[in-house]
Amino acid sequence: MTGIDGPTYRDPVEDGAADPTLVWNPHESAWWMVYTARRVGSAENGVGWVHGTGLGVASSADDGTTWTYRGQLSGLETEWGHNTFWAPEILEVDGVFHMYVTYIRGVPTVWAGHPRTIRHYTSPDLVRWTFRSTVPLSSTRVIDACVFPLPGGGYRLWYKDEADGNTIWAADSPDLAEWHVIGAVLRTDVAHEGPNVFRLGDRYWMVVDAKCQLVYRSDDLEHWEYAGTVLDAASGRAGGRTDDLGPGLHGDVVVGGETAWIYYFTHPDRHRPDFVSGNPRRSSIQVAQLRVEGDRLVCTRDSSVAVDLSTARPPA
């Protein structure tokens, strides 16, 4: 395994990579990281810099050791104008890639008053995308899709519903096309977003972004029990990896055997003593190792993280 000592990736064009998702691309024999490409150098105008975003792509042909910027996904627009795409979730089923992504019309400069929906696209190759539907969910203020297969068949989609006090809801589907809402599944005393569900060891786990990662465990994907936090602001060792400062935000987990890696982003300049000389908007993608110890999820966030995504590749 190769040790990662600094950020695993920074977007060389926009410098605002956030909300990553990772997927194996068999057509290139490479891992693809698809992410929200925030526009950190845009003019100062409210929150316009986090809107108007496309989906950036980086690829790794060496199982996560190095990443190369490839551009942004195209062919996603279905209406005129400059619109917003956030927080992609991509999975492959029977040779077809399914993407669920947050969509916002235009480039809002304020948070309130702008509907947010989750769209479904499909692709044969991760390059050519076809719009399938806007997923009918619990409100028109929904973001941050996560999709995972259910043990009895079908799929569950977890997402944040801003209209319900920033809580996590879920919907089920037998085929990734038709969805029905099952209701709220996670409410806490703090706002949270960016759910990510995975199986590691003999349990299911969910991490959600609450300016750290809240951890929940489950035996059946129905009942969730709080299991602490990872990637809080105190997790990083002083003098550790470059840009790995502050809490780990909106991550994606890749599982390989008994080991997992969480890919997350940081806003490092917000947490430096010389903050005034940095750019509080810019972000770095980091990776840390996860493992199960007893009934807890433990995160290794130190000066060097061993990464070998070959163990996480799907069967050929």
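**View 1. Gly256, a buried glycine in β18.** Gly256 is buried, since its relative accessible area is 7% (buried means under 20%, exposed over 50%, partly exposed in between, with a 1.4 Å probe and protein chains only). Gly256 sits in strand β18; helices (H or I, at least four residues) and strands (E, at least two) are DSSP runs, numbered from the N terminus. If you skip its neighbours within four places in sequence, Gly256 is in contact with Trp261, Thr311 and Ala312, where contact means heavy atoms within 4.5 Å. Arg296 is 40 residues away along the chain, and its C-alpha atom is 18 Å from that of Gly256. A heads-up on the coordinates: this is a predicted model, with local features needing pLDDT of at least 70 and side-chain atom pairs counted only at pLDDT 80 or more, while totals for chains, interfaces and linings use all residues. Residues are numbered from 1 along each chain as its sequence is written, and side-chain values use heavy atoms, with hydrogens and water left out.

**View 2. Trp205 in β15.** Trp205 belongs to strand β15 (residues 203-209). Trp205 counts as buried because its relative accessible area is 1%. Trp224 is 19 residues from Trp205 in sequence, and the C-alpha to C-alpha distance between the two is 8.5 Å.

**View 3. The largest pocket.** This one has a volume of about 750 Å³. Of its 25 lining residues, Leu22, Ile90, Leu91, Phe148 and Val253 are the closest to its centre. On a 1 Å grid over the protein atoms alone, a pocket is an open set of points with protein on both sides within 12 Å along at least five of seven lines, a cavity is a set where a 1.4 Å probe fits but cannot get out, and lining residues have an atom within 4 Å of a point. Points are joined across faces, edges and corners, and a volume is the space filled by probe spheres set on them. At least two lining residues come from each of β2 (17-25), β6 (84-93), β10 (142-149), β14 (193-200) and β18 (249-256), and β6 gives the most, with five. By class, the lining splits into 17 nonpolar, three polar and five charged residues (Ala, Val, Leu, Ile, Met, Phe, Trp, Tyr, Cys and Pro are nonpolar, Asp, Glu, Lys and Arg charged, and the others, Gly among them, polar).

**View 4. The second largest pocket.** Here the space comes to about 610 Å³. Its lining has 26 residues, and Arg38, Trp111, Glu193, Asp209 and Lys211 lie nearest the centre. β10 and β18 are the elements that give two or more residues to this lining.

**View 5. The largest cavity.** Searching the whole structure turns up one cavity of 30 Å³ or more. The largest cavity holds about 80 Å³ of space. It is lined by 14 residues, with Pro88, Glu89, Ala145, Asn196 and His250 closest to its centre. Two or more lining residues come from each of β2, β6, β10, β14 and β18. Six of the lining residues are nonpolar, four polar and four charged.

**View 6. Zooming back out to the chain.** You get zero helices and 22 strands. Buried residues account for 55% of the 316 in the chain. The C-alpha atoms fill a box of roughly 50 × 50 × 45 Å, taken along the principal axes.
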